[in-house]
Amino acid sequence: MAPTLVLILGAALLVAVGVYLLLERSLTRIIIGFALLSNGINLTILASGGDAGAPPLIGRNDPRAIADPLPQAFALTAIVITLGMTAFLLAMAYRAWQLNGHDEVQDDLEDRRIANRELREKIAQRRLDDDGTPVEDDAAAQRDETSGVGGGTS
């Protein structure tokens, strides 16, 4: 049970550090975070396979002693996919370095629009003036020039 616990704790540490690095703005840190995250997930997949056993060859070994080959196949597939994604991210980082001279990921206009949506909704909801005070408060403070003129209507 101890090796499995060590594997799970190591995988959790790799995933935590990987997610932290994925949230950075530098493409280099994003690539390192992606590699750590994928290695942590591969460790989790392999730990889910249980203890090591005999080779999974039917007829040669006792079926109860055979290792589960499915987690191994999943981990191998994940390694191949990770290799392709890492190559793509490295090419993207290199191209960004060529074009910009740095590898920082910038916000695009659509991200800024979505980030400002909440502020626009609050403004529409409260109908704020330019100085930030509600329009209703300004209207109540102003003198009504039409009151008392012409008898008023109810």
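Begin by selecting Leu 27, Ile 30, Ile 31, Phe 34, Leu 89, Ala 93 and Ala 96, the seven residues of the largest nonpolar core. A nonpolar core here is a set of buried Ala, Val, Leu, Ile, Met, Phe, Trp, Tyr and Cys residues joined through side-chain atoms within 4.5 Å. Buried denotes under 20% relative accessible area, exposed over 50%, and partly exposed the range in between, with a 1.4 Å probe and protein chains only. Two elements, α2 (27-48) and α3 (69-100), each give two or more residues to this core. The most come from α2, which supplies four residues. In soluble globular proteins, nonpolar side chains tend to be buried together.

The model is a predicted one, in which local features need pLDDT of at least 70 and side-chain atom pairs count only at pLDDT 80 or more, whereas totals for chains, interfaces and linings use all residues. Residues are numbered from 1 along each chain as its sequence is written, and side-chain values use heavy atoms, with hydrogens and water left out.

**The whole chain**

Next, display the protein chain as a cartoon. Five helices and zero strands make up its secondary structure, and the pattern along the sequence is α-α-α-α-α. Helices (H or I, at least four residues) and strands (E, at least two) are DSSP runs, numbered from the N terminus. Of the 154 residues in the protein chain, 17% are buried. A contact means heavy atoms within 4.5 Å; among contacts between residues at least 6 apart in sequence, 48% join residues at least 24 apart.

**Helix α2**

Select α2. Its 22 residues should span 32 Å at 1.5 Å a residue, and the end C-alpha atoms are 31 Å apart, which agrees. The expected span is 1.5 Å times one less than the number of residues in the helix. The buried residues of α2 are Leu 27, Ile 30, Ile 31, Gly 33, Phe 34, Leu 37, Ser 38, Gly 40, Asn 42 and Ala 47.

Now centre the view on Phe 34. Not counting residues up to four places away in sequence, Phe 34 touches Leu 22, Thr 82, Met 85, Thr 86 and Leu 89.

Just after α2, select Gly 50, which takes a positive phi of about 90°. Asp 51 lies in the loop between α2 and α3 and, at 66% relative accessibility, counts as exposed.

**Helix α3 and its pairing with α2**

Proceed to α3, which has 32 residues and reaches 46 Å from its first C-alpha to its last, close to the 46 Å expected at 1.5 Å a residue. Its buried residues are Pro 71, Ala 75, Ala 78, Thr 82, Thr 86, Leu 89, Ala 93 and Ala 96. These buried residues of α3 pack against α2.

With both helices shown, compare their directions. The axes of α2 and α3 come within 10 Å and cross at roughly 180°; axes are lines fitted to C-alpha atoms, for helices over the stretch in contact, with angles running from 0 to 180 degrees between N-to-C directions. The two helices are therefore roughly antiparallel to each other, a label for angles over 145 degrees. By class, this contact has 16 nonpolar, six polar and no charged residues. Ala, Val, Leu, Ile, Met, Phe, Trp, Tyr, Cys and Pro count as nonpolar, Asp, Glu, Lys and Arg as charged, and the others, Gly among them, as polar.

Thr 77 is found in α3 and is partly exposed, with a relative accessible area of 44%. Thr 77 and Asn 42 are 9.7 Å apart, C-alpha to C-alpha, and 35 residues apart in sequence. Ala 87 is also found in α3 and counts as partly exposed at 45% relative accessibility. Between Ala 87 and Ile 31, 56 residues apart in sequence, the C-alpha to C-alpha distance is 9.5 Å.

**Beyond α3**

Finally, move to Gly 101, which follows α3 and has a positive phi, near 85°. Then select Asp 103, in the loop between α3 and α4 (109-126). At 16% relative accessibility, Asp 103 counts as buried. Leaving aside neighbours within four places in sequence, Asp 103 is in contact with Arg 25, Ser 26, Leu 27, Thr 28 and Trp 97. Asp 103 and Arg 25 are 78 residues apart in sequence and 8.2 Å apart in space, C-alpha to C-alpha.

Technical notes
Parallel < 35°, antiparallel > 145°, perpendicular 65-115°, else oblique.
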